[in-house]
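Subject: Structure handover

Hi,

Here is the structure I promised you. My notes follow below it.

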Amino acid sequence: MNIFVASLPFSIQESDLRASFEAFGTVDSVRIVTDKFTGRSKGFGFVEMPNEDQAAMAIAQLNGATVQGRSIVVNPSVAKNS
């Protein structure tokens, strides 16, 4: 399942985000979106978890959780159909 994570602290690293989600199961990938010119985090990213049940538990537990002083938003990512 692809998971959207928003309101991330700008200082968070992908390894930190991975660790938060690995508490709930296997994580295939983590990507924090950055500005292409400055390289600074845009405050959101995506986490891919292969197990739907583990992903659902991570979403339920981490949505609204405080990470590095910020309350994060965690939802299933919705793919846009073109």
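**The sheet**

In β6, the bridge partner of A6 is V73. This is a predicted model: local features need pLDDT of at least 70, side-chain atom pairs count only at pLDDT 80 or more, and totals for chains, interfaces and linings use all residues. Residues are numbered from 1 along each chain as its sequence is written, and side-chain values use heavy atoms, with hydrogens and water left out. Helices (H or I, at least four residues) and strands (E, at least two) are DSSP runs, numbered from the N terminus.

β1 and β6 run antiparallel and are joined by four bridges. Two strands count as paired if DSSP finds at least two bridges between them. β1 also runs antiparallel to β3, with five bridges. There, I3 stands opposite V47 in β3. V47 in β3 also has V30 opposite. Five bridges join β2 to β3, again antiparallel.

Put together, four strands make an open antiparallel sheet, in the order β2-β3-β1-β6. β2 (29–34) and β6 are the edges; each has a single partner strand, so one side of each has no neighbour in the sheet. Neighbouring strands are turned by 20 degrees against each other on average, direction ignored. Strands of a sheet pair through backbone hydrogen bonds, either parallel or antiparallel.

β2 and β3 form a hairpin, with six residues between them. G39 sits in the turn and has a positive phi of about 80 degrees.

**The helices**

α1 lies across β1, β2, β3 (41–48) and β6. It runs at about 135 degrees to β2. α2 lies across β1 and β6, at about 150 degrees to β6. For these angles, axes are lines fitted to C-alpha atoms (for helices, over the stretch in contact), and angles run from 0 to 180 degrees between N-to-C directions.

Which residues of helix α2 are buried? In α2 (residues 52–62), they are A55, A58, I59 and L62. They cover an arc of only 100 degrees around the axis, which puts them on the same side of α2. The arc is that of the directions from the helix axis to the C-beta atoms. D53 and A60 are exposed on the other side of α2. Buried means under 20% relative accessible area, exposed over 50%, and partly exposed in between (1.4 Å probe, protein chains only).

What covers the buried residues of α2? The cover includes β1 (2–6), α1 (14–22) and β6 (73–76). Contact here means heavy atoms within 4.5 Å.

Now the ends of α2. At its start, a side-chain oxygen of N51 comes to within 2.9 Å of the backbone nitrogen of D53. After α2 comes G64, with a positive phi near 90 degrees.

**The whole chain**

The protein has two helices and six strands. Along the sequence, the pattern is β-α-β-β-α-β-β-β. The radius of gyration is 12 Å, close to the 12 Å that the globule rule gives for 82 residues, so the protein is as compact as a globular protein of that length. That radius is taken over C-alpha atoms, and the rule is 2.2 Å times the number of residues to the power 0.38.

The C-alpha trace spans about 35 × 35 × 20 Å along its principal axes. Buried residues make up 32% of the 82 residues. Of the contacts with a separation of 6 or more, 59% are between residues 24 or more positions apart.

Best wishes

Key
Polar contact = N/O pair within 3.5 Å; in protein donor to acceptor, adjacent residues only side chain to side chain.
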